Amino acid sequence: GINAEYMGFDKDRSGKITFEEFQQLHNYIMQMQQGFQYVDTDRSGSLSPQEVQQALRTSGYTLTPQCFNILFYKFDRTKKGCLGLDGYIELCCFVGVARNVYSSFDAQRTNQVTFNFDQFLYASGQLP
């Protein structure tokens with residue numbers, strides 16, 4: 001399920017969120033739900049790979065088919081070839097956290113970074 005810590009709403013990583021953090025989390029989930037409904041063009045209540053790919057492109061993420069497939073199937077928990085709202089939120093959170101971690105290594109904003117193994121493990125350890 002959705003974890004407030006990974007989504008960035010449990011600021012001190014205590015496993016608990018304050019009322020203000022809860023309000024922020026609630027607002028985020030409501031925005032994600034609206035986004036989900038917007039890209040659910042066939043109104044099936046779940047997102048096909050094509051719908052998820054379009055949502056990512058709209059958000060500025062152009063992924064290779066190999067990268068997209070790995071991510072999509074990582075969050076397709078039911079293995080039905082589609083994502084429900086929770087899987088969609090998890091995927092979006094993962095991509096957002098990955099972007100933030102990557103950006104911390106891309107100080108010149110060149111979209112190119114070099115990792116040593118220790119840095120790679122450190123960065124990977126921050127991903128949900």
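F120 has a relative accessibility of 43% and therefore counts as partly exposed, in a model that is predicted rather than determined by experiment. This residue sits in helix α5, which covers residues 117-125, and together with F115, F117 and L121 it forms a nonpolar patch on the surface whose accessible area is about 420 Å² in total.

**Overall form**

- Read from the N terminus, the elements of the protein chain follow the order α-α-α-α-α, and the C-alpha trace spans about 45 × 40 × 25 Å along its principal axes.
- The accessible surface of the protein chain amounts to about 8600 Å², with carbon and sulfur atoms accounting for 53% of that area.
- Of the 128 residues in the protein chain, 29% are buried.
- When contacts in the protein chain between residues at least 6 apart in sequence are considered, 43% of them join residues at least 24 apart.

**Nonpolar core**

- The largest nonpolar core comprises 18 residues, and within it V52, Y88 and L91 are the residues with the most contacts.
- Helices α1 (19-39), α2 (49-58), α3 and α4 are the elements that contribute two or more residues to this core, and the largest share, 6 residues, is supplied by α4.
- Leaving aside residues up to four places away in sequence, L91 touches V52, L56, L71, F72, F75 and L83, so that two of the names listed for the most contacts in the core, V52 and L91, also touch one another.

**Salt bridge**

- The structure contains 1 salt bridge, which is formed by E90 and R77, with a separation of 3.3 Å between the closest N and O atoms.
- Because E90 belongs to helix α4 (residues 85-105) while R77 belongs to the loop between α3 (65-75) and α4, the pair ties together parts that are 13 residues apart in sequence.
- Although E90 takes part in this salt bridge, its relative accessibility is 13%, and it therefore counts as buried.

**Cysteines**

- The count of disulfides comes to 0; C82 is in none, and the nearest cysteine sulfur to its own, that of C92, is 15 Å away.
- For C93, the closest cysteine sulfur is that of C92 at 7.0 Å, which is too far for a bond, given that a disulfide requires the two sulfur atoms to be within 2.5 Å.
- C93 has a relative accessible area of 9% and is therefore buried.

**Backbone angles**

- K79 is not a glycine, yet its phi is positive and near 60°; the residue is placed in the loop between α3 and α4, and because its relative accessibility is 58%, K79 counts as exposed.
- N111, likewise a residue that is not a glycine, has a positive phi of about 65°; its place is in the loop between α4 and α5, and with a relative accessibility of 56% N111 counts as exposed.

Methods. Residues are numbered from 1 along each chain as its sequence is written. This is a predicted model: local features need pLDDT of at least 70, side-chain atom pairs count only at pLDDT 80 or more; totals for chains, interfaces and linings use all residues. Side-chain values use heavy atoms; hydrogens and water are left out. Patches are made of residues with over 30% relative accessible area and no salt bridge: like charges are joined within 9 Å, nonpolar side chains (Val, Leu, Ile, Met, Phe, Trp, Tyr) within 5 Å. Accessible areas come from the Shrake-Rupley method with a 1.4 Å probe; for residues, only the protein chains shown count as cover. A salt bridge is a side-chain nitrogen of Lys or Arg within 4 Å of a carboxyl oxygen of Asp or Glu. Helices (H or I, at least four residues) and strands (E, at least two) are DSSP runs, numbered from the N terminus. Buried means under 20% relative accessible area, exposed over 50%, partly exposed in between (1.4 Å probe, protein chains only). A nonpolar core is a set of buried Ala, Val, Leu, Ile, Met, Phe, Trp, Tyr and Cys residues joined through side-chain atoms within 4.5 Å. Contact means heavy atoms within 4.5 Å.
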